[in-house]
Amino acid sequence: MGTFYFITDKYFTDFPDDKLMTNKEYVNGKPHNRPCYYTFKDKANPIYWVIPISSQISKFQGIYNKKVSQKGICDTIVFGYVLGEKKAFLIQNMCPVTDEYINNQYLDAASGNPVSISTKLSKEIEDKAKKVLMLYKRGRTDLIFPNITIIENQLLAKIKNNN
């Protein structure tokens, strides 16, 4: 199942979409690697799909509740625990990346091991992300904020040109 990574600043330069959740926050003058992305491989293409996670639970719980009350369902936000803390997985902000744009893996500072989540949560996130991607590609472009079609096409063209 998926793992957690951080994305390089170059990604946001190469794909200037104001709806992407860009890298931010410095601690003691050094980048603090934020946001972190839950990452899973695309089965059809040599790309990864990355889903930012957020600790702003009350903000995204409100958005989630509003969507559920209006539509009866919300597949664009999933809640789960990462390193014992509740996080929001923002499928609505997902985007495609390639190895070139992956900066480093998210490691547990206490153990030095890669951060992971339960298989059940991974499956829920990936199932909903794949459903939302399918709907997006069928014209429901209101489900994902960044223009992932442009980014994905540019990434695939870049891969083709490099081969």
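Reply: Happy to, starting with Lys-41, which lies over the face of Tyr-48, 5.1 Å from the ring centre. Lys-86 is placed over the face of Phe-79, here at 5.3 Å from the ring centre. Please keep in mind that this is a predicted model.

Now to rings that meet other rings. A pair of aromatic rings is described by the distance of the centres and the angle of the planes. With centres within 6.5 Å as the cut-off, the count comes to ten aromatic pairs. One of them joins Tyr-11 and Tyr-101, an edge-to-face pair with 5.3 Å from centre to centre and 75° between the planes. This pair links distant parts of the chain: Tyr-11 belongs to helix α1 (residues 9-14), while Tyr-101 is in the loop between β8 (95-97) and β9 (102-105), 90 residues apart. Both tyrosines, Tyr-11 and Tyr-101, are buried.

Tyr-101 also pairs with Phe-15: the ring centres are 5.5 Å apart and the planes meet at 70°, so this pair is edge-to-face. Because Phe-15 lies in the loop between α1 and β2 (26-27) and Tyr-101 in the loop between β8 and β9, the pair ties together parts that are 86 residues apart in sequence. Phe-15 is buried, as is Tyr-101.

Elsewhere on your list of rings, there is a cluster to look at: ring pairs link Phe-4, Phe-6, Tyr-38, Phe-89 and Tyr-106.

Key: Residues are numbered from 1 along each chain as its sequence is written. This is a predicted model: local features need pLDDT of at least 70, side-chain atom pairs count only at pLDDT 80 or more; totals for chains, interfaces and linings use all residues. Side-chain values use heavy atoms; hydrogens and water are left out. Rings of Phe, Tyr and Trp (its six-membered ring) pair if their centres lie within 6.5 Å; planes under 30 degrees apart count as stacked, over 60 as edge-to-face and the rest as tilted. Helices (H or I, at least four residues) and strands (E, at least two) are DSSP runs, numbered from the N terminus. Buried means under 20% relative accessible area, exposed over 50%, partly exposed in between (1.4 Å probe, protein chains only). A charge sits over a ring if NZ of Lys or CZ of Arg is within 6 Å of the ring centre and within 35 degrees of the ring normal.
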